[in-house]
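Please read them with the structure open.

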Amino acid sequence: MARPVTLFTIQWGDLPLKEICRLGQQMGYEGLELSAAHLDMKRAASDPAYVQEVKDTLDKYGLNCWAISNHLAGQCVVDTLDGAYDSRLDGFAPAQLSGKPAEIQKWAIQEMKYTAHAAKAMGVDVVTFFMGSPIWKFWYSFPQTSEEMVEDGYQKVKELWTPIMDEFDACGVKLALEVHPTEIAFDYWSTKKLLEVFENRPTLGINFDPSHLIWQGLNPALFVLDFADRIYHVHVKDAKLNLDGRNGILGSHITFGNQRRGWNFVSPGHGDVDFDNIIRALNQIGYDGPLSIEWEDSGMERVFGGTEACEFTKKINFSPSDVAFDDAIRNQ
């Protein structure tokens, strides 16, 4: 089971496609998970020459593409609802739409539909994404949050995302939601509920990222096993806990990388994620898709980190055994 090791390009969005391809090859990657920073979804949906240009650029550097991402537009689909709009979304949408939540939402919905067609044109069948949450602000139940308010939030998500998923079905492409704080599915039970709300529609699966689970106290390997049929894509990302009696689990509004935080994202292998156990769980469920490194570490130079992360991931990317270790002594 030779799972490809790829690099998620969203954190490298300041570099043009050719440069991140060159760097990706230099750092040892086999492919890129192209974000909207490096793939114009609208253009890819309708311009075969552009798609070929992107593919040729990847090929020039010996890289492939198994998934694409549109996390930021996806976040804007729901978080622009009345009462949910967050002005920080202005940075995710075209500048001319700043301060106009209804127009941002319209753009985001169309952008996600373009993304389905872009994926089909690129020959990939998985799009990683965010979908937002109209109820994230209710996560701490004070003032009191009623069950009706929570249920209404899930139903609003279903209403907005169903037509988008219809477009993905028409293109033969699946959506892999990154379970993540600020999303409607941010932990185990909220993920289970989301899948149930969508009646276990095959279109909707999970982009598994253990770094968002470990600091919440979840067991990432157990998450893989319990949602086995929904693990459509995997991010290799690590987090390190630093709960020393002063540092809080909620981060204290302190910038990532600061040692006063209760946890920080760190380069794979430098944190508390048990990747050995996760690989064993992925082997057990038969996952053979990409291991895509989402590199985030404010305390490490990124080319050094990206190179080391690639080497680390290749080292732990072992296949399941095709024999039982005790077969050799049977009937001796």
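**Notes on the predicted model**

1. Start with Phe 129. Leaving aside neighbours within four places in sequence, Phe 129 is in contact (heavy atoms within 4.5 Å) with Asn 70, His 71, Met 112, Trp 161, Leu 175, Ala 176, Leu 177, Glu 178 and Leu 204. Phe 129 sits in strand β4 (residues 126–129). Helices (H or I, at least four residues) and strands (E, at least two) are DSSP runs, numbered from the N terminus. Phe 129 is buried, with a relative accessible area of 0%. Buried means under 20% relative accessible area, exposed over 50%, and partly exposed in between (1.4 Å probe, protein chains only). The C-alpha atoms of Phe 129 and Ile 68 are separated by 8.9 Å, and these residues are 61 residues apart along the chain.

2. Some ground rules. This is a predicted model, where local features need pLDDT of at least 70 and side-chain atom pairs count only at pLDDT 80 or more, while totals for chains, interfaces and linings use all residues. Residues are numbered from 1 along each chain as its sequence is written, and side-chain values use heavy atoms, with hydrogens and water left out.

3. Next, Met 149 in helix α6 (residues 147–171). Is Met 149 buried or partly exposed? Met 149 is partly exposed, with a relative accessible area of 31%. Not counting residues up to four places away in sequence, Met 149 touches Ile 135, Phe 138 and Gln 144.

4. Now helix α11 (residues 302–316). Its 15 residues should span 21 Å at 1.5 Å a residue, and the end C-alpha atoms are 21 Å apart, which agrees. The expected span is 1.5 Å times one less than the number of residues. The buried residues of α11 are Gly 305, Gly 306, Ala 309, Cys 310, Thr 313 and Ile 316. They cover an arc of only 140° around the axis, so they lie on the same side of α11. The arc is that of the directions from the helix axis to the C-beta atoms. On the other side of α11, Glu 311 and Lys 315 are exposed. The buried residues of α11 pack against β1 (5–8), α1 (17–27), β7 (231–236), α10 (275–285) and β10 (291–293).

5. Helix α10 deserves a look too. Its buried residues are Phe 275, Ile 278, Ile 279, Ala 281, Leu 282 and Asn 283. Just after α10, Gly 286 takes a positive phi of about 80°.

6. On a 1 Å grid over the protein atoms alone, a cavity is a set of points where a 1.4 Å probe fits but cannot get out, and a pocket is an open set with protein on both sides within 12 Å along at least five of seven lines; lining residues have an atom within 4 Å of a point. Grid points are joined across faces, edges and corners, and a volume is the space filled by probe spheres set on the points. The whole structure has two cavities of 30 Å³ or more. The largest cavity holds about 40 Å³ of space. α10 gives the most to its lining, with four residues.

7. Last, the largest pocket. Its volume is about 1700 Å³. It is lined by 46 residues, of which Arg 88, Trp 136, His 180, Pro 181 and Thr 182 lie nearest its centre. Elements giving two or more residues to this lining are α4 (71–78) and β9 (263–266). Seven of the eight residues of α4 are buried.
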